[in-house]
Amino acid sequence: MDLLPLIGDVDEFKEIMGIINKEMDLVSLSDENLRRVFMIFEIAGGVVNGRTKQVTEADAEQLWCSSVDGVVAVAKQVIDYACEMNFQDLDGLLKQAVVEILRSACNIVSKQRVFDSSLQGLLEELQVEVGSTMRERLVGGKLENLTKEQDTLPLSWPRNGRISLEWIQLLISTFKWSSWKDPKEFQNVMPVTVVKKLISAASKIMREERNCVKLRVREDSEVIVVGDILGQFHDLVALFEENAGFPSDHRYFVFNGNYVDKGSWGLEVLLVLLAWKVLMPHRVYLLRGNHETKNCTLAYGFWAELCTKFGKKDCKLVFDKCLECFRTLPLATIIAQGVYTTHGGLFRRTCSASTQCSTGEKRQKLDALSLGSLKEFAKVNRFLEDVPENDLLSDVLWSDPSSKAGLRENTKKFGLLWGPDCTEEFLKENHLKLIIRSHEGPDARTGADDARNMLNGYSKDHDTVSGELYTLFTAPNYPQVQILLGCTMHSRRFIF
Ligand SMILES: [Mn+2]
């Protein structure tokens, strides 16, 4: 009833919104007054948009959270950029301007009381580059105390329970910072409770996905397919920030598995990818690699990484949570009806109960291996901690292409070797043009001829009548104990 006269004054409310938007310096307000301003802004917005629903405390809370998170994320970006600046190139006036901007950014970050210990490093850099007089101005008393206090402040789960782009940026910048510190400090910036919530949120989404996810890609979009990362967190960040860009409405990502083990930052890689999955479930797809299993993670570094980062008390808990997540990862994608991606490769036909082979077929299976169908693949139970030997599931995660025709057991414990004839059969049968698999890095192709040595991050392994087969391996300079020149970041872009 009171809304009618209010609606008559739309221009006035527009003016109020304009004042809040453009003229108010919100940084200096107390939290309580800031909340009041957001409440006024929300009411004014409701009137301007002809809204008749009553404004609730939850509306104001939501607006408050998203606005503050957004502003803080921008401020942290400013600090990040400043850390990379070369101050020697700036004249006196510009140096002063940078310091002023940084002071505002630091104030904003301190308002939200989020963790940012990079402030201390920044102040030290400014002391050298700008001069101690300027530093005294910047520190201005309480800021120095603040950086000390914030050394112990951990990353928190978004207050409204929803992951935002800004939260992912904060996650990445926090991990970037902590990756230079003692790994034992990790739990001080990323609490177990937040790890558990993030893994649960992503697992819930992936559990519902099919074994082979079909991507219907918008025409004006690109799809970035990414191979093995194996704990090389900084290369994942370089892929997002310097190479491919972040996921967006027009940019899909398909990750072909092997996020953890070998490198030192498997958990960081996994958590950032899971955060993207939660934020953009229909743009980011995470497939399972052979390292996303209990056997591999116990043997190849991920378990040891978690023990170092969380200590005896919590590492088992985090490990079990990760295994729970690995079980949910889907196994393959078909992109735009033409491109098949998976971690290892093609798979055998099995006579499981669900596919109901006849007695004759069971005998045939014993006699000779034959290629499995996508129909059979769709029915397999993928929700296992480890994959059984001589099974479709282990083939998908472990198989390798061979230049020799036919299908045969791999020399590894798991998986198959398949020839160009099998690639042709699979492509033709399923009306596909391309297979992109990962799994083999430069170490697996040592001594291979130029075309298959993986030193460029990918190789074309089969070229048949119906299409092609590529191996794609994204972790550069791998394995790190060997010197392999010429390896740089690789992802293949396919424009549809
Ligand atoms: Mn692999």
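Axes in this report are lines fitted to C-alpha atoms, for helices over the stretch in contact, and angles run from 0 to 180 degrees between N-to-C directions. Helices (H or I, at least four residues) and strands (E, at least two) are DSSP runs, numbered from the N terminus. The structure is a predicted model, in which local features need pLDDT of at least 70 and side-chain atom pairs count only at pLDDT 80 or more, while totals for chains, interfaces and linings use all residues. Residues are numbered from 1 along each chain as its sequence is written.

**The chain as a whole**

The protein chain contains 19 helices and 13 strands. Of its 496 residues, 36% count as buried; a residue is buried if 20 or more other C-beta atoms, placed from the backbone, lie within 10 Å of its own, exposed if 12 or fewer, and partly exposed in between. Two residues are in contact if their C-beta atoms lie within 7 Å. Among contacts with a separation of 6 or more, 73% join residues 24 or more positions apart.

**A pair of helices**

Helix α9 (residues 165-178) packs against helix α13 (residues 266-279) at an angle of about 175°, and their axes are 10 Å apart. The two helices are therefore roughly antiparallel, a term for angles over 145 degrees. On the α9 side, the contact involves Leu165, Ile168, Leu171, Ile172 and Phe175, which meet Glu268, Leu271, Val272, Ala275, Trp276 and Leu279 in α13. These residues divide into 10 nonpolar, no polar and one charged. Here Ala, Val, Leu, Ile, Met, Phe, Trp, Tyr, Cys and Pro count as nonpolar, Asp, Glu, Lys and Arg as charged, and the others, Gly among them, as polar.

**A six-stranded sheet**

Six strands form an open sheet in the order β1-β5-β6-β10-β12-β11, with mixed pairing. Strands β1 (212-215) and β11 (458-463) stand at the edges with a single partner strand each, so one side of each has no neighbour in the sheet. On average, neighbouring strands are turned by 20° against each other, direction ignored.

Two strands pair if DSSP finds at least two bridges between them.

| Strands | Direction | Bridges |
|---|---|---|
| β5 (residues 332-335) and β6 (residues 339-342) | antiparallel | four |
| β6 and β10 (residues 434-437) | parallel | four |

Towards β10, Thr342 stands opposite Arg437. In a regular strand the side chains alternate between the two faces of the sheet. Both faces of β6 are covered: Val339 and Thr341 on one side, and Tyr340 and Thr342 on the other, are all buried.

**Turns and loops**

Strands β5 and β6 form a hairpin with three residues between them, and Ala336 in the turn has a positive phi of about 50°. Gln337 is found in the loop between these strands. Its phi is near 60°, a positive value in a residue other than glycine. Gln337 counts as partly exposed because it has 14 C-beta neighbours inside 10 Å.

Asn390 lies in the loop between α17 (374-379) and α18 (392-398). Although Asn390 is not a glycine, it has a positive phi of about 50°. Asn390 has 14 C-beta neighbours inside 10 Å and so counts as partly exposed.

**An annotated segment**

An unreviewed UniProt entry places the feature "domain: Serine/threonine specific protein phosphatases" at residues 287-292. UniProt positions are given in the numbering used here, feature names are shortened, and annotations may be inferred rather than shown by experiment. Over residues 287-292, the chain is 0% helix and 0% strand, with the end C-alpha atoms 9 Å apart.

Terms used: Parallel < 35°, antiparallel > 145°, perpendicular 65-115°, else oblique.
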